[in-house]
Amino acid sequence: MIHAAVLGYGTVGSGVVEVIETNKESISKKIGDEINVKYILDLREFPGDPCEKKVVHDFDIILNDPEVSIICETMGGTEPALTFSRNALLKGKSVCTSNKELVANHGPELIRIAKDNNCNYLFEASVGGGIPIIRPINSSLTAENIDSITGILNGTTNYILTKMDEDNANFDDVLKEAQNKGYAERNPEADIEGYDACRKIAILSSLVKGKNVKYENIYTEGITKIEAADFAYAGKLKKAIKLLAMCKNTEDGFYAMVAPFMIPKGHPLYSVSGVFNAVYVHGNMLGDSMYYGRGAGKLPTASAVVSDVIDCARHMGKTIMCFWDAEDMELMDIADTKRRFFVRVPKSVKDKVIETFNNIEEVESVEEGEYAFVTPVMSEKSFDEKIALIGGCINRIRIED
């Protein structure tokens, strides 16, 4: 029998126990042995819960039990999750986590400690919830040179943008509705400002390049400036507005960013709506592939954690290879990246726009007193310089073709 422990009995932690108990028979067949959750670490008591007798309050009980070989860290945050994970790995206990913050900040260190101690640090659930994307990058796509990843990696922002589009609603009203439905936190900053998606694309970028991509170095822009009028313009252009997290190899270098983009109907991510997430990968031999599903939630995320538990159980005493070194990856300056832009300006500066920008595509106005247009492909730096010459804009949204 393989004994496991769960750190944190909140939404995801209780989901991990539920997945293991509900699918115990099929999981045992896949492992070739029975798996048992021996301990649950939490500060609280859970009277009446089927697992109440497994709850402990001291991590050392788990750490010093030689029977426990796999630990599921579903606590969130950096501490004490980092200390617990580090100490478990040093004891040769594999750790499976859904903690994107911890992975983004300390992934290389924890992967190295796992390798040094013949165990594993796995984090499938840290990006995209139940969507399998870490494992495909580390195994299924290893023959590829992956040159780009573009993803809708946050269900809260995708829900908000979808509702704004469908209901012709403004941002504040939809955010309030999302909070009432439990799709957005009371403090939604990490989601709506793009920080959550930023950590996730930092993890994916690091795995693609094999070096450490710091999320602090990734250009990040949220959705708070998107207005109902922007969706009306997007409709005229037959495009959708999505918060995209991306990393790309270009002739000039490698960059990563998070920002709202307009994407055309033919784009694979166009129809990804509501709380769903998707990751669109391009490899130099395979071409395009896409991974789609529920990017968050109790059971989808727990399912991904348990998939890592099964992998650890199958590889007892062996380290599953993961190429993510501590050396920092140098990112291309976002100012040098090139794309088209959709722009809204006051109608009074139309002549100045035509004089300043070459080969623009005019867009029929949906707001009185506005002039809207799409630029040709240009660098971010060039766009910023030109838009400054005309005194700024009402709004601008990047275009991903």
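This is a predicted model: local features need pLDDT of at least 70, side-chain atom pairs count only at pLDDT 80 or more; totals for chains, interfaces and linings use all residues.
Residues are numbered from 1 along each chain as its sequence is written. Local features need pLDDT of at least 70 and side-chain atom pairs count only at pLDDT 80 or more, while totals for chains, interfaces and linings use all residues, and side-chain values use heavy atoms, without hydrogens and water.

Phe123 also forms an edge-to-face aromatic pair with Trp324, at 5.9 Å centre to centre and 75 degrees between the planes; rings of Phe, Tyr and Trp (its six-membered ring) pair if their centres lie within 6.5 Å, and planes over 60 degrees apart count as edge-to-face, those under 30 as stacked and the rest as tilted. This pair joins distant parts of the chain, 201 residues apart, with Phe123 in the loop between β6 (121–122) and α6 (134–140) and Trp324 in the loop between α12 (298–314) and β13 (338–346), where helices (H or I, at least four residues) and strands (E, at least two) are DSSP runs numbered from the N terminus. Phe123 has a relative accessible area of 3% and is therefore buried, and Trp324 counts as buried because its relative accessibility is 3%.

## Other aromatic contacts

Across the whole structure, a search finds 11 aromatic pairs. Among them, Tyr121 and Phe123 form a tilted pair, 6.0 Å centre to centre with 45 degrees between the planes. Elsewhere, one aromatic cluster is formed by Phe341, Phe357, Tyr371, Phe373 and Phe383.

Technical notes. Buried means under 20% relative accessible area, exposed over 50%, partly exposed in between (1.4 Å probe, protein chains only).
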